[in-house]
Each structure stands twice: as C-alpha cells, then as structure tokens.
Amino acid sequence: MNATHASWNRRHLLTWGGALLLANTVPARLLHAAEALRFNVDPFTLGIASGYPLPGSIVLWTRLAPNPKAPGGGIPANEVVPVTCELATDERMRNIVRTSQEYATAQYAHTIHYEPSDLEPGREYWYRFTAGGQRSAVGRTRTAPAGNANVERLKLAVASCQQYEHGYFLAYRHMLADDLDAVVHVGDYIYESSWGRNRIRRHETPTAISLDDYRARYALYRSDKDLQAAHARYPWLVTWDDHEVENDYAGDTSENDDPRDWFLARRAAAYQAYYEHMPLPRRALPFGAEMRLFTQRSFGPLLNLMMLDSRQYRTPLACTKPGTRSTGLVDCPEVGNPQRTKLGLAQEGWFEKELARSGAHWNLFAQGTLMAYANEGEGGKDAFRSDTWNGYQAARERMMNTIAATRARNPVVLGGDIHAFVVSNLHRTPQDRQSPILASELVATSISAEGSAQEGLDRMRRLNPNIVFANSAKRGYLRLDVSRERLQADLVGMDSVTDANAGASTYARYVVENGRPGPIAA
C-alpha cells in the first residue's frame, strides 16, 4: 500500500487461503497479535449504513477504502483488517451497549456487516466503527417495534433509479428532514453503463463487467455525500431491478443474449458487489450467481413490508428473438403463457405463506417494476411493455389471487423503474376494470435518472383509466406516512437535480384509506 494511504506495523498473520476469508470474522487462534495498525488517512470514505431492522437486531455496514478509486480501495489483497464496531444509546457514544471486533477481508472488499443482537425493540441507537487508528462518523439507526407494540405511525421513503451522471442525489438531502423510520430502495441503485443526453457527472470507468468494475461503480455512487448522509441517518431495506447487473436482463438471460455461462459469471460479480455495498444481513450472502434477496420485515402490528426480487428468477422477456432480448412494446401469445413467472415458483410460494400469516394492518410489497395493467395498443391492437408485469400477465394474476385468497389487509404495491410518478388501482382481474379494486400501487420517480417521455405516459393513462396519475416532470421520491386509518403518499419532487442547492416540494398527494383499496387524490 502506498504510504500516503496507510502504514502498517504488524506481526506475521497466518493465511489459510479462503478459510480465513469466508466470513467477516477471523478466529482468534488463527492470528498472531496484530500490532499498531495505522491508517494515515480516513478509510471510511464510502460512509456508514444500517439496515434490515428487527425488534432485537439491526445490520451495521461500512467499507474500508482509504483510496476508493484504487483497486481494492487502496488496501492490499492480503490484508485482514480488525474493525471495532460500537453501538450506543446516545449520540455522543457515552453509553456503549455493544462492542465487537470484526475483520474486514479482501474477499468482500474489506466490508463489514455486523449484526448486534438482543437489542431493545423500537428504539434509537447510534453506532460507529474504528480501524487503524481512524474513527468513522457516528450513525443513527432504529430497531423495529415489537410485534405487540402499540405503533400509531410510521414514515417511510421509497427511492429508485439513481443515475450518477444525470444529476445530484438531492432527494436524499431532503429526506433528512422527514424523520423517517426507514428508506426502501426498489432498484437501480447504480447504472452499469453510461447513457443520457445531459450528463453533468462522469462514471469515469467503462461499462461494468467484472467484480472490480462493479466495485468501482459502487464506490463512485457511494462517494455522493447526500447518499451517505441518508444511509447514516436511517435504516435501509433494498431490492434490485436490472441496472445493478445489466439493462433488461431476465434471470439467466442477458439483454444481448450473451452465452449463459459468461453472463452468469457477470451476474455473480454484480451480485457480490451488491452484497458488499448494501447493509444486508448475512443471510443474503451470495453464492456464485445466486443470492437470496427476498425477505420480510414487520413494524409492529401496523405494517408488514415484503421485499420482493422480481429480476433474478424471472422467465426471459416475451416476444424476443435470439441475439437481442430487450424489447419495448410487444404483442404475442407468449405474454399470457401461464408458465411464465416474474418471481419464480419458490418465491411465489414464500409470498403466499408469508402473506397468509400476516396479521398486519397494512401490507406493503416493494419490487422493481410497474404492476398496473397497461395496454398501450390502439385501434383494437394490444401492446404491452414486456419488462413490466404486463409481460408476465399470468404471474400478476397469481399474485392478485394470493392477495385475495389470504385476505391480507390494505395491500399496497411499491415500485420504480419507469422514471415517473405513477399511481394506480390494481383490480382483482387486472385486465377487467369492472372487477373489484384489490390493491393500490405507488411508483416512485427516479432519484436522478432522466424522466420517461410524458407523451407516452399520457397515452398510457388515457388508454388505461386504472392508472390515475402518471407524470415524469420531476425527479424525487415517495414519502409515506402510515397510520391505522390511512396511508398518505407524498410525491416529493426536486426543483432540479442539476443545481446542487435546489429545493423540493410535494408535487402531488394521494391517500389510501383503511379498508378501502385504491388511491384517492388529496
């Protein structure tokens, strides 16, 4: 390592190949005493984060990267770095209630995923990390309420589609004033390639293919100070869409119909980098090109939040031909094939089981793409966007059947991807607007990625009255205020994402009333 980044004075460390690197902790018997480790510069350049709250636990995250633009973040691949993790009940870190020494290894980009246990439910904690004589900033987090807690109100933000080149991540700065319980990210945390008309920042590296490529892309995005601030202040829950790997990929099929083995190797690299840079629990640890991302979290009896993976297990996009698997509007019998799946059969079964046992007052489903029925064909013709749930019509019907059969209370679908605010009614039979409204859908616009063409959204809304709002004028996020009687969704839009000091305002507001599915303009 260059002496300007860190200096090391250590006794010999035994290296037992991959055995040491499988976890973020190293058994003490494998270490000779590590002495006087010192970083000469801040190794916490990518910030700190927390996520996935439980009543008695939380995930605490950081990555050591004294030089984030260098391979390995500026730390040699053979270094195992002790990191002290501290959790306190006060912001000044005077009453420390948990301390643990974890070990950051090169196998996982010198990241830490620490999960303290036996915490008090529904309370604030503060945390920090120390490594090599340097100490991180102090972060704030909150555990989930107990299952029987009297929870009167919860506040969430929903974010998606943050393209670094298209603008500043100002939405996260404005979230800091919202006093949230959690941030829910529904996909496209990074963009693997460059695109767009007016790029005000640069990716600096080519399209991500290898593990080092994806690590560099996450390091760049994580360098954004507004994003860091939101991670340090609130616990996050995340799911992905396509750009965490490649545009419009579906399961093991790539956009460009690359050889399956080659693409799965790329997917494995992308999934590992995703795990490394998110405050994910250890249960999400990827194995090759497989990663268990779908999960559930409860916030007392008030809210059940299900994080769905609508990308990893899906059937290839409908109506495509060999050589290119990315499409826009399509019409072919394949879109209605009952064998097609968007979640995969195992996740569909898990969804049904979890929803059947949910006693929550509100049931929210976070996933990547538009679920509302949208036939964009005119003159008696059909035309569907194959990457959304409209390309997986039987899978959507199965989800509606499950919601109806389980009688889950107050179902609300959260989505992103489309770079526009969209608010919709979800009918019991999606294509039949005369069938009962079963659930509501709230889609967040992009954090910074350029908006969809408004002309297309206007046509979609005109042809599909179940879509009650669709507008791409603003970049921003959804702010949800949930009580027993109603869920209020503020569509928060930025005045600009190219002005680093731009303000924000509520662009529109919708309410879902308890026991009455379907959003109402407020």
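A: The side chain of Glu 102 makes a polar contact with the side chain of Ser 100 at 2.5 Å, where a polar contact is a pair of N or O atoms within 3.5 Å, within protein one able to donate a hydrogen and the other to accept it, and residues adjacent in sequence counting only if both atoms are side-chain atoms. This is a predicted model, in which local features need pLDDT of at least 70 and side-chain atom pairs pLDDT 80 or more, while totals for chains, interfaces and linings use all residues. Residues are numbered from 1 along each chain as its sequence is written, and side-chain values use heavy atoms, leaving out hydrogens and water.

Glu 102 lies in strand 6, residues 96-104 (strands, E, of at least two residues, and helices, H or I, of at least four, are DSSP runs numbered from the N terminus). Glu 102 is buried but has no salt bridge, and the nearest side chain of opposite charge, that of Arg 282, is 8.3 Å away. Buried means under 20% relative accessible area, exposed over 50% and partly exposed in between, with a 1.4 Å probe and protein chains only; a salt bridge places a side-chain nitrogen of Lys or Arg within 4 Å of a carboxyl oxygen of Asp or Glu. Lys and Arg count as positive, Asp and Glu as negative, and His and the chain ends are not counted.

Turning to the cysteines, the count comes to 1 disulfide (two cysteine sulfur atoms within 2.5 Å), and this bond joins Cys 319 to Cys 332 with an S to S distance of 1.9 Å. The pair links distant parts of the chain, 13 residues apart, with Cys 319 in the loop between strand 15 (303-307) and strand 16 (329-330) and Cys 332 in the loop between strand 16 and helix 6 (345-356). The torsion about the S-S bond is about -85°, so the disulfide is left-handed. Cys 319 is partly exposed at 24% relative accessible area, whereas Cys 332 is buried at 19%. Cys 85 is buried at 0% relative accessibility, and for Cys 161 the value is 0% as well.

As for strand pairing, which requires at least two DSSP bridges, strand 24 (residues 486-494) runs antiparallel to strand 25 (residues 504-513), and 9 bridges join them; Asp 490 has Arg 509 of strand 25 as its bridge partner. Strand 25 is in turn joined by 3 bridges to the antiparallel strand 26 (residues 516-521), where Ala 521 is the bridge partner of Tyr 510. Strands 25 and 26 form a hairpin with 2 residues between them, and Gly 515 in the turn has a positive phi of about 80°.
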